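Open the model in your viewer and get ready to select residues by number. We will go stop by stop.

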Amino acid sequence: SLLRLYKKTSGNGTLTLYLGKRDYVDHVQNVDPIEGVVKLDPASLAGRKVFVKLACAFHYGREDLDVIGLSFRKDIWVKHIQLYPDAGHKPNLTPMHVCLLKKAGEQGRAFTFDIATNLPCSVTLQPGQDNAGKACGVDFEVKTYIATEADPEEKLDRKDTARMTVRKIQFAPDETGAPGPRADICKSFMMSDKPVHLQASLEKEIYYHGDPIDVNIKVKNETSRTVTKIKIIVEQTTDVVLYSADKYTKTVLSQDFGETIDANSTFDKSLAITPLLAENKKKRGLALEGRLKDEDTNLASNTIIRAGMDKEVLGILVSYKIKVNLMVSSGGLLGGLTASDIQVELPLILMHPKPQGKRIVGPNK
């Protein structure tokens, strides 16, 4: 198969970083390893060493604001490998390495990073309208650099480094055939001894970005009131776990359906909704799929983590829920009762399907 090559050279021309791909899939139990090559020129090192490092970091703000402290990067997880002088890193050479080594020539050094399974996926929080530049989010960066030690105290000179952002992404797990979620509520009103029953359910557990979601709604209205409309809301919750755990909830869809359900009647219908980023371009802080460049993206996918790992994962975790509301008129002779609503919630999982064959979806830039 044709290998796509990504390369970056340091400002001084001494180092070139080669990767065969920039999207690495997290299969929940394990993550694709990052296999790369650094071409280096020992004659230009003046006794210094060459390292390559993989960092998963939480970043905030633009790089040009660094000077006044309005921008920061906090490494969530870091791994360093010394490539020169040889310090014993001998990865098993894969077909990917062999291809990259051919390109790099005899000064190429192969490396492999195994990514921990308790890390967040690449995700970006949508900046405000006026807020150009680097948004807040979680990213993964491979960087090769010249230094005297792996973690130098002094700031590295930019010309001594070559770096590339890569993405950790997840695809929807295989269909388990399990039924989708279901929720029921039974609510009675003042002055009425009979209730309204509401049941909402989804056909399946996982939906793909951009596909319509059919929400099945069953209502048994035993009261003398009328259900005047049905409102469906989809909310995205981002857990930002860094110094403290902060939860942010944003509405990504709010749709009214003018369905009325008369007193003492029943209703059984499925209503379709499609949450899309296109409808939410102005919402600051919305979690989007991580980007490598300014290509189009979509709402972030749910973060799928191994059972029991939820306390350990730092960064940004994303989840969704659907809320189904019935607006009920103020019935009764008193006339003073205000309209009220009945609500149930369903969890929603939004993801991309696994790509077919070997091709990794995503921008090839």
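## Stop one: a buried charge

Select Glu-289, which lies in strand E18 (residues 287-289). Strands here are DSSP runs of E with at least two residues, numbered from the N terminus. This is a predicted model, where local features need pLDDT of at least 70 and side-chain atom pairs count only at pLDDT 80 or more, while totals for chains, interfaces and linings use all residues. Residues are numbered from 1 along each chain as its sequence is written, and side-chain values use heavy atoms, leaving out hydrogens and water.

Does Glu-289 sit buried or exposed? Glu-289 is buried, yet has no salt bridge. Buried means under 20% relative accessible area, exposed means over 50%, and partly exposed is in between (1.4 Å probe, protein chains only). A salt bridge needs a side-chain nitrogen of Lys or Arg within 4 Å of a carboxyl oxygen of Asp or Glu. The nearest side chain of opposite charge is Arg-167, 6.4 Å away. (Lys and Arg count as positive, Asp and Glu as negative; His and the chain ends are not counted.)

Now show Ser-301. The side chain of Glu-289 reaches the backbone nitrogen of Ser-301 at 3.0 Å. Contacts of Glu-289 beyond four places in sequence include His-209, Asn-298 and His-352. Contact means heavy atoms within 4.5 Å.

## Stop two: salt bridges

How many salt bridges are there by this rule? The count comes to 16.

Select Glu-235 and Lys-323. They form a salt bridge, with the closest N and O atoms 3.2 Å apart. Glu-235 lies in strand E15 (residues 227-241) and Lys-323 in strand E19 (residues 315-328), so the pair ties together parts 88 residues apart in sequence. Glu-235 is buried at 12% relative accessible area. Lys-323 is buried too, at 14%.

Next, select Lys-247 and Asp-239. Their closest N and O atoms are 2.8 Å apart in a salt bridge. Lys-247 counts as exposed, at 59% relative accessibility.

Then select Lys-229, Lys-231 and Asp-256. Salt bridges link these residues in a network.

## Stop three: an open sheet

Switch to cartoon view. Find the open sheet of 4 strands, in the order E11-E12-E14-E17, with antiparallel pairing. Two strands pair if DSSP finds at least two bridges between them. Strand E11 (182-188) and strand E17 (265-273) are at the edges with a single partner strand each, so one side of each has no neighbour in the sheet.

Finish inside the sheet. Strand E12 (residues 195-202) pairs with strand E14 (residues 213-221) over 7 bridges. Select Ser-201: its bridge partner in E14 is Asn-216.

Notes: Polar contact = N/O pair within 3.5 Å; in protein donor to acceptor, adjacent residues only side chain to side chain.
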